[in-house]
Amino acid sequence: MQREHLIKPLLGHKYPTIAYGQGVFLYDEDGKAYLDASSGAITAGIGHGVQDIIDAMQEQAGKVSFVYRSQFTSKPAEALAAKLSDLAPGQDYWSFFVGSGSEATETAMKIAIQHWQEQGRHGKNKVISRRMSYHGITMGALSMSGHTLRRRRFVPLLEDFPVVAPPYCYRCPLHSSYPSCGMACADDLETAIRRIGAEHIAAFIAEPIVGAAGGALTPPPGYYARIKAICERHELLFIADEVMTGIGRTGAMFAMEHDGVEPDLIALGKGMSAGYTPMAATMVKDRVMAPILQGSRSVMAGHTYSANPQSAAVALAVLRYIEQHGLVQQAADRGRYLLAKLQQLAGGIPIIGDVRGKGLLLGIEFVRDRATKEPFPEAAGLTSRVIEKALQKGLLVYPASGAIDGVGDAILVAPPMVITEAELDLLAELLEAAIREVMEELG
Ligand code: PLP
């Protein structure tokens with residue numbers, strides 16, 4: 001046996017080797033099929049092996065794959081920025097292209113801080129985020145993340161940014177319940193701003209629907225309108241981290257459309273290039289760019305692969321494909337279908353405590369006791385067991401933390417938007433079998 005050289009997430013674990021992908025299925029080198037009900041890491045939004053995207057990649061590769069952004073611009077990058085602005089809530093956005101969601105949120109943070117600096121307001125340099133949130137793995141992005149597990153090792157190196165209550169209705173952190181709570185979790189932001197002082201805060205960042213750090217935590221309607229109003233009242237920029245929710249996933253091109261909110265900055269990634277190449281974006285409203293345009297005229301951010309023409313051509317082709325095939329509407333319709341299926345499934349499986357989400361970004365939270373919502377002990381490794389059992393059956397689902405601050409069990413179910421109803425039936429069947437087997441093993 002040859003020694004290994006590739007660092008994989010779990011060292012020593014034997015990962016299947018994938019040979020190819022087609023539609024919502026991946027096939028390993030032994031020919032085993034996997035229904036990709038997680039779109040990888042909620043990324044492969046249009047499925048695998050789409051010929052239109054492969055053609056677009058080849059076409060651009062035949063022209064030029066790389067130009068450096070401080071020497072040249074390129075047609076795909078210019079066209080992509082214009083297209084995203086057209087599609088975004090309220091339009092009038094600039095785009096800064098990067099290679100990952102972490103870079104996109106970190107750049108958003110830096111642009112927000114620069115926005116205030118250019119106006120002489122140098123004290124406004126903190127970013128408020130929420131407990132149970134994930135905005136990326138780089139130090140700046142991790143500083144803004146309330147993901148206990150991913151932060152743990154680096155806490156001494158991270159900025160001590162403030163966090164507020166997440167909109168986690170199933171286990172309200174404020175011990176209240178909707179609607180009688182009056183959305184007190186949104187008002188928690190205002191309380192924090194008053195405590196810290198708006199003169200110290202540049203922005204508030206939030207995932208429209210919390211993904212990996214909560215398992216599709218979905219706030220009540222109107223939550224983000226309230227958040228935006230609070231930000232405006234106290235002169236904070238609102239950064240919507242749409243890395244997971246953006247580009248159709250929730251049944252709207254941008255999840256913020258559900259609440260009619262136009263964020264000041266938007267981070268995109270994942271579904272933007274649907275996994276075909278690394279590509280992410282920080283979108284910035286005109287009014288946020290204005291002081292920079294009137295001031296230094298230079299955004300202090302950037303990477304070697306920023307605005308890469310190859311990746312931009314792919315992202316453009318992905319957007320075209322989504323529009324041509326009506327996939328945003330399809331995500332909404334198929335999402336309703338899948339949600340109903342999962343709710344039905346929950347009826348017969350007592351360890352399912354909650355089913356939630358929007359479009360094709362759905363979450364299932366597991367509990368030991370449905371009446372008390374008592375979670376399984378960490379040692380039971382419930383989430384990993386469900387993921388592993390599903391994998392054995394040829395189904396991919398994604399792990400998410402459950403209850404407050406990383407304790408508890410939840411998974412994300414987020415298949416590509418091209419999935420058919422028959423494939424959703426198969427998904428539900430395999431998932432039910434996996435969960436039932438885990439339940440039986442636990443006794
Ligand atoms: N923001 C959100 C909401 C995410 O879900 C993720 C990744 O899971 C990120 C940011 C970081 O993106 P990346 O892993 O591409 O750096």
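Which residue in β15 is the bridge partner of leucine 362? The partner is valine 413. The legends below cover a predicted model, in which local features need pLDDT of at least 70, side-chain atom pairs count only at pLDDT 80 or more, and totals for chains, interfaces and linings use all residues. Residues are numbered from 1 along each chain as its sequence is written. Helices (H or I, at least four residues) and strands (E, at least two) are DSSP runs, numbered from the N terminus.

**View 1. Strand β15 and its partners.** β15 pairs with β12 in the antiparallel sense over five bridges; two strands pair if DSSP finds at least two bridges between them. Strand β14 (residues 398-401) also runs antiparallel to β15, joined to it by four bridges, and here alanine 400 has alanine 410 of β15 as its bridge partner. Five of the five residues of β15 are buried, so the strand is largely enclosed by the rest of the structure. A residue is buried if 20 or more other C-beta atoms lie within 10 Å of its own, exposed if 12 or fewer, and partly exposed in between, with C-beta atoms placed from the backbone. Asp409, Ile411 and Val413 lie on one side of β15, Ala410 and Leu412 on the other, and both faces are covered.

**View 2. Helix α11 and its buried face.** The 22 residues of α11 (residues 327-348) reach 31 Å from first C-alpha to last, close to the 32 Å expected at 1.5 Å a residue; the expected span is 1.5 Å times one less than the number of residues. Buried in α11 are Leu327, Val328, Ala331, Arg334, Gly335, Leu338, Lys341 and Leu342. Seen down the helix axis, these residues fall within an arc of 135°, so they line one face of α11; the arc is that of the directions from the helix axis to the C-beta atoms. Their cover includes α10 (309-324), β11 (352-358), β12 (361-366), β15 (409-413) and α13 (421-442), where contact means C-beta atoms, placed from the backbone, within 7 Å. Ala340, Gln344 and Gly347 are exposed on the face turned away from the buried side.

**View 3. Helix α3 and its packing.** The 13 residues of α3 (residues 75-87) should span 18 Å at 1.5 Å a residue, and the end C-alpha atoms are 18 Å apart, which agrees. Pro76, Ala77, Leu80, Ala81, Leu84 and Leu87 are the buried residues of α3. They fall within an arc of 135° seen down the axis, so they line one face of the helix. These residues pack against α2 (51-63), β4 (93-98), β10 (280-285) and α10.

**View 4. The shell around the ligand.** The ligand is surrounded by 16 residues, the closest being Ser100, Gly101, Ser102, Gly136 and Val243; a residue is near if its C-beta atom, placed from the backbone, lies within 6 Å. Helix α4 (residues 101-117) supplies the largest share of this shell, three residues. The shell divides into six nonpolar, eight polar and two charged residues. Ala, Val, Leu, Ile, Met, Phe, Trp, Tyr, Cys and Pro count as nonpolar, Asp, Glu, Lys and Arg as charged, and the others, Gly among them, as polar.

**View 5. The seven-strand sheet.** This open sheet has the order β4-β10-β9-β8-β7-β5-β6, with mixed pairing. β4 and β6 (163-164) are the edge strands, each pairing on one side only. Strands β5 (residues 126-130) and β7 (residues 201-206) pair in the parallel sense over three bridges.

Note on methods. Two residues are in contact if their C-beta atoms, placed from the backbone, lie within 7 Å.
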